[in-house]
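Work through the exercises below with the structure open. Try each task before reading its solution.

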Amino acid sequence: MVTRRVRAPHFDFAALRRELDLPDGFPDEAQREAQEAAAAPLPQRPDRTDIPFVTIDPVGSRDLDQAMCLTRRPGGYRVHYAIADVAAFVRPGGALEAETWRRGQTVYLPDGNVPLHPVALSEGAASLLPDVTRAAVLWTIDLDADGATTAVGLERALVRSRAQLDYDTVQGQFAAGTAAEPIALLPEIGAKLVERGLDRGAINLPLPEQEIERDGAGYRLVLRAPLPAEEHNAQISLLTGVAAADIMLAGGVGLLRTMPTPEEAAVDRLRAAARALGIDWPAGKPVGRVIAAVDAADPRGAAFLDQAAELMRGAGYTAFDGERPEQPGHGGVAAPYAHVTAPLRRLADRYATEVCLALTAGLTVPEWARAALPKLPKVMTGTDRVSGAAARGAVDLTEAVLLQDRVGETFEAAVVDVDSPRRTAPAPAAGPPMTAEDGRRPGGTVALDEPAVRARCVGDLPLGERVRVTLVTADPVKRTVRFERK
C-alpha cells in the first residue's frame, strides 16, 4: 500500500456547503421524532445476540450499518450479516421520513458530515455500536466451498456487536494471523467471491483515492490505495446486494442498482490504450481480469486504470413493479444487484430492504415501501450528484490551499489521462474540469508524487509517462489548480 500525506492549514468548507445548499441541522419535528424513537424500548423479535458479530469501518466512524460473523459449515461457509434496521425508527409519513427524502444520503466533508438521520439514530440507537443490543435486519447466506450461494435467509432480529474494528487494524491482524474469530475467514471467503465475480465478468477498479484527514488544527491530504481487507469486506456487501436483487426479481417488485454492460467500442478503446501503455492483454482475457492484474502504483498502470474508469458509466436506480426490467444487471458486478446494506447513510436501502423482508416472508410489501419505489431513482440520482460534488469540491479546495504559495515551482508527475481529439467539454467526472481556455489547448490530467494532487495540465502529454510540470494556477476561491508542461 502507498500512503502519502501532506498537511494543509486550518480552514473550513462553509462556502462549499452553501454552494451545494447542504442542510444545517434537522427541523424540530424531525429531531423530536428521532429522539423519541431512540428512547423507545427495543421491539420484540428473535434474539440473535449469541452470534459474535463485529464491525469493520474507517477509524472514528459512528454510523455503523453492518456487522458480520463468518463461520465454516459442512461443505462451505455461513455468512451472518446484520444491517441496521432503520425502518424500525423512522415512521412512514412522519416529519423525519420527509426530511430523509430531502437529504437522500449522508454527505461527508472533512469538517463534519451532513447525516441522513439525526445523530440520535445514525450514531446512537440505530447504529450497530459494540456492546449494546440493537435492532437489525439479519441476512444469513450459505455458500458452498467455491463461494456460490446455496441458501439465503432474512429476518428481523436483535443482535449485539462484540467489537468495532477498523481496516488498518484488521489488515494487520490478517497479516499476523491474529484476526478475531468472527472475521478470520474474511480473506478466504472474500478471495473466492472476487474470483467468482471475475469469472462472470465483474470489473473492480483498485484506484487509489485522495482523502482529507484531520491533523490537529488543520488537515492533511492522503493518497491511499485500498487495502485487501476493504475489498474483501466489500465483497460481503456485494454478495448481499446480489441476493437482494434475486429476491426482488423473483418477487416481481423492487429497486435495483443498475449500470449498462460496457460497450464493445469502449472495451476496444481500452484495449488500444493497453497496447500504447505496454499493458499485457492476452487474446480472450476478460477486461475485468486484465484490470485486476494491473499495478496501480506504476504510472502506466495508473493511466490504464484511469482509462478503464470510462467503462463504469451510466449507473442509476431502476424501480419495477410487476414487469421485469429490460436491463436488470449491473455492468460492474456482472449480475443484478441492489443497495440494501447502508440504510443509515443511503435512503434507498431502507425501502429495498423492506421489500426483501416481505417477499422472503411471503407477505404483501407494505404500501409505504411499495409507493416509494418509483420515486427513489430520481431522488438518489440527484443526491449522488451532490455527494460527488461535495467530495470533489473538498479535494479541489484542499489541493488549492496546499499549493497556493508554490506557483511557479516544478513538480514530478505521472500523466494519467490525455484529451481525446474530440474533447472540447469537461474532462471525466473523476478528474478536474477544464476551463474554456484549456479546452482550446492540448493537455490532460497529471498526478503529482508530492503532494498527492491530481489536476489539469496543458501541453504535450505522453499517456502513462513521467513528466515535469510547472504550477501556473492555485486558486482556493475558485478551487482550481492548473499545471503546464512547456
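The exercises that follow concern a predicted model.

**Exercise 1.** Classify the ring pair formed by Trp101 and Tyr351, and state which helices hold the two residues.

Solution. 
- Step 1: Trp101 is in helix H3 (residues 95-103), whereas Tyr351 is in helix H11 (residues 347-361), so the pair ties together parts 250 residues apart in sequence.
- Step 2: Trp101 and Tyr351 also belong to one aromatic cluster with Trp368.

**Exercise 2.** Decide whether Phe411 and Phe483 are buried or exposed, and describe their ring pair.

Solution. 
- Step 1: The relative accessible area of Phe411 is 4%, and that of Phe483 is 1%.
- Step 2: Buried means under 20%, so Phe411 is buried and so is Phe483.
- Step 3: With centres 5.8 Å apart and planes at 85°, the rings of Phe411 and Phe483 form an edge-to-face pair.
- Step 4: Phe411 belongs to strand S13 (residues 410-418) and Phe483 to strand S17 (residues 480-484).

**Exercise 3.** Find the residues that touch the most other members of the largest nonpolar core.

Solution. 
- Step 1: This core has 56 residues, and Trp139, Ile236 and Met248 touch the most other members.
- Step 2: Helix H7 (residues 228-251) gives the most to the core, with 9 residues.
- Step 3: Among the contacts of Ile236 are Met68, Leu70 and Val79.

Technical notes. Residues are numbered from 1 along each chain as its sequence is written. This is a predicted model: local features need pLDDT of at least 70, side-chain atom pairs count only at pLDDT 80 or more; totals for chains, interfaces and linings use all residues. Side-chain values use heavy atoms; hydrogens and water are left out. A nonpolar core is a set of buried Ala, Val, Leu, Ile, Met, Phe, Trp, Tyr and Cys residues joined through side-chain atoms within 4.5 Å. Buried means under 20% relative accessible area, exposed over 50%, partly exposed in between (1.4 Å probe, protein chains only). Helices (H or I, at least four residues) and strands (E, at least two) are DSSP runs, numbered from the N terminus. Contact means heavy atoms within 4.5 Å. Rings of Phe, Tyr and Trp (its six-membered ring) pair if their centres lie within 6.5 Å; planes under 30 degrees apart count as stacked, over 60 as edge-to-face and the rest as tilted. Lists of a residue's contacts leave out its neighbours within four places in sequence.
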